Amino acid sequence: MDVVAYVPFRLIEKAQALSGVRVLKSNRPRVNLLQFNFSKPVLQRRTFRRAVAYAIDRTSILQQLKVPLGNENQLITGPLPVGGFGYNESVQAREYNPVLAKALILGLKKKLGNIPDLTLAYEGNDTVHAACRLIADNLRRAGLIVRLLEVTANSKLTAQQADLH
């Protein structure tokens, strides 16, 4: 018997159609999130983090990745699974608002004189890479310069050293 721990959503139907393959759902909660490196001065600014939140169209990204939203796949407002210890359901997510994101970023550029280019580091499978590419595209449309960096065993930079991961 062989076991694969993760199958991307877009490949589940193909896997189910294979002879001798049985696809089972894991009960293990899985949380994917964007983390900020607070050692970077611009990322310490609440206004910047708000702009990033407003710039990312989370629902569209999941749709493009063919991740069905529902009880099993939910957009959350923090790093804890829904229903888990510490998850606060009263916290409201910042809705996608590209106009507000651009305005906040323009205001910060005016105040700071410049916003440094950002590195979005990722490690993982092709779904993670695709999600990060879409996040970077959203951030670029808001006026930020974002470079994607895949972290591997041979990378000089760890994900935690990047601006976003």
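This is a predicted model: local features need pLDDT of at least 70, side-chain atom pairs count only at pLDDT 80 or more; totals for chains, interfaces and linings use all residues.
View 1. On the face turned away from its buried side, helix 4 carries the exposed residues V99, L106 and K110. The helix runs over residues 98-112, and because its 15 residues at 1.5 Å a residue should span 21 Å, the 21 Å that separates its end C-alpha atoms agrees with that expectation.

**View 2. The buried side of helix 4.** A101, L104, I105 and L108 are the buried residues of this helix. They cover an arc of only 95° around the axis, and therefore lie on the same side of helix 4. What these buried residues pack against is helix 2, residues 46-55.

**View 3. Residues in contact between helix 2 and helix 4.** From helix 2, the residues T47, F48, R50, A51, Y54 and A55 take part, and they meet P98, L100, A101, L104, I105 and L108 in helix 4.

**View 4. Geometry of the helix 2 and helix 4 pair.** Two packed helices are described by the angle between their axes together with the distance between those axes. For helix 2 and helix 4, the axes come within 8 Å and cross at roughly 150°. Since angles over 145 degrees count as roughly antiparallel, this crossing makes helix 2 roughly antiparallel to helix 4. The crossing of the two helices is left-handed.

**View 5. The residue after helix 4.** Helix 4 is followed by G113, a residue whose phi is positive, near 90°.

Definitions and conventions: Residues are numbered from 1 along each chain as its sequence is written. Side-chain values use heavy atoms; hydrogens and water are left out. Helices (H or I, at least four residues) and strands (E, at least two) are DSSP runs, numbered from the N terminus. The expected span of a helix is 1.5 Å times one less than its number of residues. Buried means under 20% relative accessible area, exposed over 50%, partly exposed in between (1.4 Å probe, protein chains only). The arc is that of the directions from the helix axis to the C-beta atoms. Contact means heavy atoms within 4.5 Å. Axes are lines fitted to C-alpha atoms, for helices over the stretch in contact, and angles run from 0 to 180 degrees between N-to-C directions. Angles under 35 degrees count as roughly parallel, over 145 as roughly antiparallel, 65 to 115 as roughly perpendicular and the rest as oblique. A crossing is left-handed if the near helix is turned anticlockwise from the far one by less than a right angle, and right-handed if clockwise.
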